[in-house]
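Thanks for asking me to look this over.

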Amino acid sequence: MLVRVRCNVGVWRVDGLDSSSKVEDILRGIAKARPHVVYEKPFCHDPACTQELDRGKPLQDQNIRHGSMVYCRVDPATCADVSAEPKESAEDQLQQAESKPGNMKRIIDKDGSIKLVPSNEVRDSKEDKGFRRGMMPLRDIKMAWTLNEFVAMDSQFEFKIQRQESAICKQVSLDSASVGDFQSYLRRFQFSRKRFGLLYGKFLEAEEGAEKKTVVEAIYEPPQTADPDTAEGFEMLDDPMEDTVEKIAELCGLRKVGWIFGHPPREEGFVLSASEVIMAAEMQLEAAGGVEETPFVTVKVTTGENGNVSVEAFQVSQQCMAMAAEEALEIGPNPGFCNINDTFTAIQEGKESKTVNNNFFLTVVPIVQHSSEVFVSQFPKANRDLDDRSPSHDELKRQLSKSGTSGWTFIDLLSDFNLLIYLAKFLDVNADFPKICQSITDRSVPIDDGYKIIITSLAGVEGAY
């Protein structure tokens with residue numbers, strides 16, 4: 001089991017845990033690489049560090065599972081990673097300490113090494129002369145500085161917050177059936193539970209300089225559990241089908257073009273939370289391969305006080321992507337604002353600001369709807385709980401049995417992204433799916449009768465093709 005620890009200096013990952021592990025096991029896991037961490041606030045469920053974990057209970061009993069995020073605050077000066085550096089053993093250090101008069105204390109030296117020094121020689125944190133918090137003094141970085149060099153150095157850690165005038169993606173077209181099914185599931189819980197899905201489709205860029213548009217053809221919902229105590233509102237679980245889904249999408253001529261999530265109603269003006277902004281920025285970075293332009297979109301679904309469902313699409317600015325890449329953005333106690341990491345400076349309206357309103361990072365993407373000419377969205381979605389239907393052979397039979405009725409053909413009904421994901425459990429993605437997907441994307445290529453027989457046999461259908 002892996003647990004993520006988000007603190008004020010970044011995110012640490014602790015692996016090798018199990019259901020019986022406790023807080024002490026997380027501490028030991030961190031200590032392997034960072035043995036001298038001083039915790040200013042203990043491990044907690046929430047980013048504000050107000051709901052402390054019980055050190056006596058197993059993690060599983062506290063709703064901590066694989067991939068869960070816990071929060072704490074640490075002294076940055078005590079977080080040096082010594083795992084890759086050969087150091088004296090703790091026993092040798094203790095022997096040296098005993099041979100010296102007076103009390104000893106471990107400190108991080110200018111070069112990042114751990115040293116034992118007399119406690120009266122330890123510099124107080126208030127006297128820290130580092131260039132920025134968590135960094136060495138200028139003189140230790142370089143002996144002589146010119147003004148231009150200093151300005152260039154300082155500017156790397158300074159962000160002048162500016163709105164991006166418009167989104168890179170000029171329009172997103174959503175498949176009506178896919179989005180309708182997603183919001184119908186959210187309605188089962190009156191939108192009280194958060195949930196997310198991945199959007200698969202195409203980026204339309206006809207020629208250089210042309211407007212970039214995104215077309216969404218299908219939605220895949222990875223394994224997850226709703227968890228209102230986390231900043232995200234859900235817990236992402238390990239997905240054994242991740243590579244398979246990506247392979248099927250590739251064979252169908254699709255790619256990951258965005259993500260969609262649903263959330264409970266919010267007060268007016270509160271659009272995206274800090275965790276959602278950071279997650280959107282990280283996904284855009286992954287899609288673009290860095291701080292580059294990309295039509296990758298974020299779509300959110302919610303309901304208003306009148307009960308009407310609203311669907312909106314956004315992109316975060318490239319400045320937000322750059323700040324997320326530098327880990328300058330953090331989750332704070334107010335979900336409507338992103339906190340700024342102490343190493344960085346945000347200048348907003350000419351003044352330094354410790355927080356940035358999330359809306360400064362958002363650009364609106366116009367939405368249109370379409371009915372996919374290639375894919376259908378009728379098969380039950382995987383990884384849902386408390387739903388009326390779930391992927392099964394009976395559902396496969398139910399869908400393929402429509403072949404020959406109401407104008408449906410076998411290949412029409414087979415062209416369901418989530419149905420293909422279910423079939424991947426029984427057919428070879430590398431050997432069988434290339435030919436099946438070719439017939440789906442190019443209807444002039446008939447599907448082999450052998451595959452028809454195999455698939456209908458799995459479904460228990462005769463004569464459905």
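1. A word on terms to begin: helices (H or I, at least four residues) and strands (E, at least two) are DSSP runs, numbered from the N terminus. This is a predicted model, in which local features need pLDDT of at least 70 and side-chain atom pairs count only at pLDDT 80 or more, while totals for chains, interfaces and linings use all residues. Residues are numbered from 1 along each chain as its sequence is written, and side-chain values use heavy atoms, with hydrogens and water left out.

2. Now the overall picture. The protein chain has 13 helices and 22 strands. Of its 465 residues, 45% are buried (under 20% relative accessible area; exposed is over 50% and partly exposed in between, with a 1.4 Å probe and protein chains only). Taking contacts (heavy atoms within 4.5 Å) between residues at least 6 apart in sequence, 65% join residues at least 24 apart.

3. Do look at α7 (274–288). Its 15 residues reach 21 Å from first C-alpha to last, close to the 21 Å expected at 1.5 Å a residue (the expected span is 1.5 Å times one less than the number of residues). Because 11 of the 15 residues are buried, α7 is largely enclosed by the rest of the structure. Among those buried are Ala274, Ser275, Val277, Ile278 and Leu285. Just after α7, Gly289 takes a positive phi of about 70 degrees.

4. The largest pocket also involves α7, which gives seven residues, the largest share of the lining. This pocket holds about 1500 Å³ of space. For the terms: on a 1 Å grid over the protein atoms alone, a pocket is an open set of points where a 1.4 Å probe fits, with protein on both sides within 12 Å along at least five of seven lines, and lining residues have an atom within 4 Å of a point. Grid points are joined across faces, edges and corners, and the volume is the space filled by probe spheres set on the points.

5. Which residues lie nearest the centre of the largest pocket? They are Arg4, Arg6, Val11, Arg13 and Glu282, out of 50 lining residues. Elements giving two or more residues to the lining include β1 (3–7), β2 (10–14) and α6 (242–251). By class, the lining has 25 nonpolar, eight polar and 17 charged residues (Ala, Val, Leu, Ile, Met, Phe, Trp, Tyr, Cys and Pro count as nonpolar, Asp, Glu, Lys and Arg as charged, and the others, Gly among them, as polar).

6. Helix α5 (residues 176–187) has 12 residues that should span 16 Å at 1.5 Å a residue, and its end C-alpha atoms are 16 Å apart, which agrees. Ser178, Val179, Phe182, Gln183, Tyr185 and Leu186 are buried in α5. Seen down the axis of α5, these buried residues fall within an arc of 155 degrees, so they line one face of the helix (the arc is that of the directions from the helix axis to the C-beta atoms). Their cover includes β8 (169–175), β9 (195–204) and β10 (212–220).

7. In helix α8 (residues 318–325), the buried residues are Gln319, Cys320, Met321, Met323 and Ala324. They pack against β7 (158–160), α7, β15, β16 and β17 (337–340).

8. Phe337 is in strand β17 and, at 29% relative accessibility, counts as partly exposed. The C-alpha atoms of Phe337 and Ser275 are separated by 9.5 Å, though the two are 62 residues apart along the chain.
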